[in-house]
Amino acid sequence: MAETMIQLKNITKQYKENKAVKQLDLSIHKGEVFGLLGPNGAGKSTTIYMILGLTEPTEGEVYVSGIHATNKPIEVKKKVGFLPDNVGFYEDMTGMENLILTGKLNGLGRVEAKKRATHWLEQVRMDHAAAKKVGEYSRGMRQRLGLADILMKDPEVVIMDEPTLGIDPKGINELLELIRNLSVDHGLTILLSSHQLHQVQQICDRVGIFVKGELLSYGDIEDLQKTLLDDTLFLYKAKVKGPSHQLVEKLSMEPSVESIDWDEEAYYIRLNKEDQGELAKFFISNQYDLLSLKRMSYGLDDIYQRYFEGGEISD
Ligand SMILES: Nc1ncnc2c1ncn2[C@@H]1O[C@H](COP(=O)(O)OP(=O)(O)OP(=O)(O)O)[C@@H](O)[C@H]1O
């Protein structure tokens, strides 16, 4: 069993009438990339602030690397690097100078600080812009420098709030690849929040779908499909040639058939288990001319439509 790095135990955050987070239980393992996904206002930032010890849960407890986040926020801060959605740098200093300053503020000597800054600038592929003033960086470049900045502190856990926001598609791919590599190469535990399900799921080991303060489901994409799209899991589309008298009536008598819909094109049959073979047999043994039989596939788009749309998504 993998070591737990972040543990949320039944946490609730209440703001006056509004419960921003409701009885959330979640464990994030050492070395994994976990995506906290949900529409705007779902409670992702509030959850992150509770992990960082910046705000106290109304109920429940948060542990980071075994340390109680509320009671010992300074110790937690030493373990965690946090990339907010807008990192503050000294604009008229270069990327390198900013990193060296961070190193010094964290107790490193100049030589060591410069060595680490050079290393991390390379790792985040910003070595070419090391001597450029941060005021001239694009948002994607600032985010990469932000990552290098938190890595200067040698954290065990990296938390990022909406890291891809406001970056162009190429920049997003580069940043996501970088995050993935950091986890693989350095064994970092990474938690990132996003309302871009499609974008970030590709680099996450697991994702949690967070809506209106509640974690609806978490796991890999297959787990999510199973739990969130349960009622659409075993849906088959059958095309039958010619008149199909009593087809619906006969089909509905089959024990595995839950429901049947149809339009001019096809029949849509929902089974209570995966049983395409049995379904095919039914058509053949009843002498229907079956043109095609396919399992309908449901995926991220469906999860997205069902749980994210209608939320307060702003872009
Ligand atoms: N300090 C606060 N006081 C009162 N309500 C708050 C406070 N902070 C957040 N909320 C409310 O809590 C809910 C969750 O907000 P939160 O910022 O955690 O969501 P989010 O998923 O991070 O969304 P976003 O991506 O828009 O930041 C929202 O309804 C928000 O209005």
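Predicted model: local features only at pLDDT ≥ 70, side-chain atom pairs only at ≥ 80, totals over all residues.

Visitor: Which domains does the assignment give?
Guide: Domain 1 covers 4-228, and domain 2 covers 234-297. Their C-alpha centres lie 48 Å apart. The secondary structure of the protein comes to eleven helices and 14 strands.

Visitor: How do you know that phenylalanine 89 is buried?
Guide: Count its neighbours. Phenylalanine 89 has 21 C-beta neighbours inside 10 Å. The cut-off for buried is 20 or more. The count meets the cut-off, so phenylalanine 89 counts as buried.

Visitor: Where does phenylalanine 89 lie, and what does it touch?
Guide: Phenylalanine 89 is in the loop between strand S6 (80-83) and helix H3 (95-105). Beyond its neighbours within four places in sequence, phenylalanine 89 contacts Asn98, Val134 and Leu145. Methionine 160 is 71 residues from phenylalanine 89 in sequence, and 17 Å from it in space, C-alpha to C-alpha.

Visitor: Why is glutamine 23 called partly exposed?
Guide: Glutamine 23 has 15 other C-beta atoms within 10 Å. Exposed means 12 or fewer, and buried means 20 or more. The count falls in between, so glutamine 23 is partly exposed. Its place is in strand S2.

Visitor: What is the phi of glutamine 23?
Guide: Phi is near 40° there, a positive value in a residue other than glycine.

Visitor: What makes lysine 212 partly exposed?
Guide: Lysine 212 has 16 other C-beta atoms within 10 Å. That count lies between the cut-offs of 12 and 20, so lysine 212 is partly exposed. Lysine 212 sits in the loop between strand S9 (206-211) and strand S10 (214-219). Its phi is positive, about 50°, although lysine 212 is not a glycine.

Visitor: How much of the protein counts as buried?
Guide: Of the 315 residues, 35% count as buried.

Visitor: Which residues have the most contacts inside the largest nonpolar core?
Guide: They are Ile51, Val64, Ala148 and Ile159, in a core of 67 residues. Helix H5 (residues 139-151) gives the most to this core, with six residues. A second, separate core has eleven residues, including Val257, Ile269, Leu279 and Phe282. In soluble globular proteins, nonpolar side chains tend to be buried together.

Visitor: What does isoleucine 51 touch?
Guide: Isoleucine 51 touches Ile6, Val62, Val64, Ala69 and Ile159, leaving out residues up to four places away in sequence.

Visitor: Which residues are around the ligand?
Guide: They are Tyr15, Asn18, Ala20, Gly38, Asn40, Gly41, Ala42, Gly43, Lys44, Ser45 and Thr46. Strand S2 (18-29) and helix H1 (44-51) are the elements that give two or more residues to this shell. H1 gives the most, with three residues.

Technical notes: Residues numbered from 1 in each chain as written. Near = placed C-beta within 6 Å. Helix = DSSP H or I, 4+ residues; strand = E, 2+ residues; numbered from the N terminus. Core = buried A, V, L, I, M, F, W, Y, C linked by C-beta atoms within 7 Å. Contact = placed C-beta atoms within 7 Å. Domains from an automatic or database assignment.
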